Amino acid sequence: MERLVSKEEIRQAVSEARREGKRIAFVPTMGALHEGHLTLVRAARERADFIVVSVFVNPTQFGPGEDFEAYPRVIERDMDLLGAEGVDVLFNPAPEIMYAADARVTVDPGPLGSVLEGATRPGHFAGVCTVVTKLFSIVLPDLAFFGEKDFQQLAVVRLLVRDLDLPVKVVGCPTAREDDGLARSSRNVYLSADERAAAPVLYRAMTAASCLAAAGERSARALADVMRAEIAAEPLAALDYAEVVDAATLEPLETLGEAPARALVAVRIGATRLIDNLALEVR
Ligand code: AMP
């Protein structure tokens with residue numbers, strides 16, 4: 001696998017692959033790769049002939065006081081994992097390659113950018129939309145793979161592609177979890193042993209809501225309350241939000257029914273903020 005650091009190199013590698021008639025898949029990441037990222041890579045392999053993965057810790061999607069500096073950076077290990085998965089090229093640019101010092105145009109995520117994650121992390125989705133638009137323009141993939149783990153990000157990226165007519169097909173992939181239900185995340189390495197033991201509370205809360213929905217509860221408020229109670233019962237967990245929303249629009253739901261529903265939670269465990277989500281199916 002080649003590690004490319006400039007826009008010119010990656011453009012050339014992709015255009016050569018395209019000249020050979022290959023279908024190009026792209027998996028954007030911030031590195032510190034785990035099984036969740038690798039499921040995206042494997043899904044990409046199934047659908048395309050040339051796989052590009054980016055590892056770029058994007059400064060513009062981190063707010064002041066967030067973990068940009070602390071975010072784990074383990075590029076040698078990432079390269080080993082990606083090489084073993086048969087990835088063709090790694091795009092691993094430095095921030096100053098991605099962003100000119102005087103760059104001033106950004107991409108507005110629209111109203112979805114200011115709810116849920118966007119309410120707690122102002123500017124986060126503008127950073128995501130801007131970097132994803134730039135990466136798509138540099139790589140020019142046919143297909144791009146994103147995890148349901150970041151459900152709102154997936155929804156925002158789908159709208160970005162639809163509303164700006166970006167010529168790429170977005171593919172969503174299910175969340176990879178640890179045996180106890182904790183969603184795999186690069187941020188899980190921040191957790192102490194006690195915090196790690198408390199972290200499955202997110203999955204437990206959503207599963208409680210999902211069981212209740214399957215048993216016939218249709219009130220979104222009742223389902224959200226069950227999640228909040230479960231999280232409140234874990235002393236190391238501080239609730240940020242626990243909501244039941246329309247899975248397509250992420251708008252609040254009153255009653256489960258026709259539209260697919262999704263539970264979304266964000267919880268702080270010590271200094272670490274974890275997010276997760278789960279489909280809620282009515283019987
Ligand atoms: P990140 O490196 O955290 O920016 O994630 C890169 C991509 O991997 C995003 O599309 C994430 O949604 C996806 N991803 C992260 N964790 C998981 C997981 N546990 N299961 C599936 N996809 C994931």
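Guide: Helices (H or I, at least four residues) and strands (E, at least two) are DSSP runs, numbered from the N terminus. The model is predicted, so to speak of local features takes a pLDDT of at least 70 and side-chain atom pairs count only at 80 or more, while totals for chains, interfaces and linings use all residues. Residues are numbered from 1 along each chain as its sequence is written, and side-chain values use heavy atoms, without hydrogens or water.

Visitor: OK. Where is leucine 159 found?

Guide: Leucine 159 belongs to helix H7, which spans residues 151-163.

Visitor: Switching to aromatics. How many aromatic pairs are there?

Guide: Rings of Phe, Tyr and Trp (its six-membered ring) pair if their centres lie within 6.5 Å; planes under 30 degrees apart are stacked, over 60 edge-to-face, the rest tilted. The count by this rule is 5 aromatic pairs.

Visitor: Pick one. Why is the pair of phenylalanine 26 and phenylalanine 136 edge-to-face?

Guide: The ring planes of phenylalanine 26 and phenylalanine 136 stand at 75° with the centres 6.3 Å apart, so the pair is edge-to-face.

Visitor: What is the relative accessible area of phenylalanine 26?

Guide: The value is 0%, so phenylalanine 26 is buried. Phenylalanine 136 has 4% relative accessibility and is buried as well.

Visitor: Which aromatic pair does phenylalanine 136 form with phenylalanine 146, by angle?

Guide: Another edge-to-face one, 6.3 Å centre to centre with 75° between the planes. Phenylalanine 146 sits in strand S5 (residues 143-147), 10 residues from phenylalanine 136 of helix H6. Both of these phenylalanines are buried, and ring pairs join Phe26, Phe136 and Phe146 into a cluster.

Visitor: Now the ligand. Which of the 17 residues around it come nearest?

Guide: His37, Gly147, Asp150, Ala176 and Arg184 come nearest, out of 17 residues around the ligand. A residue is near a molecule if one of its heavy atoms lies within 4 Å of it.

Visitor: How far is the side chain of histidine 37 from an oxygen atom of the ligand?

Guide: An N or O atom of the histidine 37 side chain is 2.9 Å from a ligand oxygen. For aspartate 150, a polar side-chain atom lies 2.7 Å from an oxygen of the ligand. Alanine 176 uses its backbone: a polar atom there is 2.8 Å from a ligand nitrogen.

Visitor: Which elements give two or more residues to the shell around the ligand?

Guide: S2, helix H2 (35-47) and S5 do. H2 supplies the largest share, 3 residues.

Visitor: New topic, the aspartates. Where is aspartate 276 found?

Guide: In strand S9, residues 272-280. Aspartate 276 has 4% relative accessibility, so this residue counts as buried. Its side chain makes a polar contact of 2.8 Å with the side chain of arginine 177. A polar contact is a pair of N or O atoms within 3.5 Å; within protein, one must be able to donate a hydrogen and the other to accept it, and residues adjacent in sequence count only if both atoms are side-chain atoms.

Visitor: And where is aspartate 246 found?

Guide: In strand S7, residues 237-246. Aspartate 246 is buried too, at a relative accessible area of 15%. Its C-alpha lies 11 Å from that of alanine 155, a residue 91 positions away in sequence.

Visitor: Last one, backbone angles. What phi does leucine 116 have?

Guide: A positive one, about 50°, although leucine 116 is not a glycine. Most residues other than glycine have a negative phi. Leucine 116 lies in the loop between helix H4 (95-98) and helix H5 (117-120), and at 12% relative accessibility leucine 116 is buried.

Visitor: What about the phi of leucine 140?

Guide: Leucine 140 also has a positive phi of about 50° without being a glycine. Its loop runs between H6 and S5, and with 47% relative accessibility leucine 140 counts as partly exposed.

Key:
Buried means under 20% relative accessible area, exposed over 50%, partly exposed in between (1.4 Å probe, protein chains only).
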